[in-house]
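Subject: A structure for you to explore

Hi there,

Here is the structure I promised you. Have a look at it first, and then read on for what turned up.

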Amino acid sequence: MEFDMVGYDPAIANALRRILLSDIPSMAIEKVHMYQNTSIMQDEVLAHRLGLLPLTADPCLFSYPPADWSPESGTAKDTLDFSLTIKCTSSSDPTKQYNNDHVLTKHMEWVPRGDQEKWMGTTDPGCADKDILINKLRPGHEMEIKMFAVKGTGRDHAKFSPVSTAFYRLLPSITITKPVLGEAALRLQKCFSPGVIELEEGPGGSKHAVVKNERIDSCSRNVYRYDDLKESVSLDKVKDHFIFTVESVGSNTPQDLVSMAWDVIIEKCDHFIGELQDSEEKK
């Protein structure tokens, strides 16, 4: 999702970005019980890969685990269980060499705790994409694993971050200060990303350069390579116009994540105002 923030201070834009990365909760695999892993991937590396898998379970339906949480003490309201059992064998099919040689997220099975299947409203809170590669096996290799997911934030660990990317950039500002005609106009057009500069018919049939869509400019500054062009264009950025890009890993839509981030900002502001008022009263 891409949206614009116009008239904001850079500190507000950066606060929104940091909260999206660190303070919005999501579900991720926290503990892994490995009963069998004869693949070439070490247990700790495999556990790390499993922890980074993006789950689609709605974190709003779950509570944070207590400090002394363990898979055995977990409840239906704070723990999700998954299992993965797979073995690679030689194939009798001449079109393929092995069976189950690629371990994918489609091989993970959700094991509901209690009545989770009723109140969660889904039959699969696992990964949205079922073709994420977890491991590669060869005949004789097998894996038997149980996984336990909990609710957390990116402040605890990056695996809990609900966004794959969250960044902003300033809106480019391109102004043609003097007419650029003919061959020079064509060179000017090639200095920018496709679609930024267009050529239009001018008086006498000659083409002249005009700014069409400065928003998509990549700010390459190639125009400064030409002495006859660099004085014809003014390049700048609008200091209070932020173009924000947010991509979700799947548990919530980008629109919901941004809305939740604003709620966190408001909550932090209310807390800070309360602290200021308390300190004033103590004086």
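Before we start, one term: two strands count as paired if DSSP finds at least two bridges between them. Please also keep in mind that this is a predicted model.

Let's begin with the sheet. Ten bridges join β2 to β9, and these two strands run antiparallel. As an example, Q36 has E144 in β9 as its bridge partner. The whole sheet is open and has four strands, in the order β2-β9-β3-β7, with antiparallel pairing. β2 and β7 (109-111) stand at the edges with a single partner strand each, so one side of each has no neighbour in the sheet. On average, neighbouring strands are turned by 25 degrees against each other, direction ignored.

A helix joins the picture too: α2 packs on the sheet and touches β2 and β9. The direction of α2 makes about 150 degrees with that of β2.

Now for the inside. In soluble globular proteins, nonpolar side chains tend to be buried together. Here, the largest nonpolar core has 26 residues, and L50, L80, F82, M143 and M147 have the most contacts inside it. β2 (26-37), α2 (43-51), β3 (80-87) and β9 (142-152) each supply at least two residues of this core. Apart from this core lies another, of 18 residues, including A13, L16, V258 and V264.

Finally, find the hairpin of β11 and β12. Five bridges join these antiparallel strands, and I197 is partnered with V211 in β12. Between the strands are five residues, and G204 takes a positive phi near 80 degrees in this hairpin.

Enjoy exploring!

Best wishes

Key
Residues numbered from 1 in each chain as written. Predicted model: local features only at pLDDT ≥ 70, side-chain atom pairs only at ≥ 80, totals over all residues. Heavy atoms only, no water. Core = buried A, V, L, I, M, F, W, Y, C linked by side-chain atoms within 4.5 Å. Buried < 20%, exposed > 50% of the residue type's maximum accessible area, 1.4 Å probe, protein only. Axes fitted to C-alpha atoms, helices over the stretch in contact; angles between N-to-C directions. Contact = heavy atoms within 4.5 Å.
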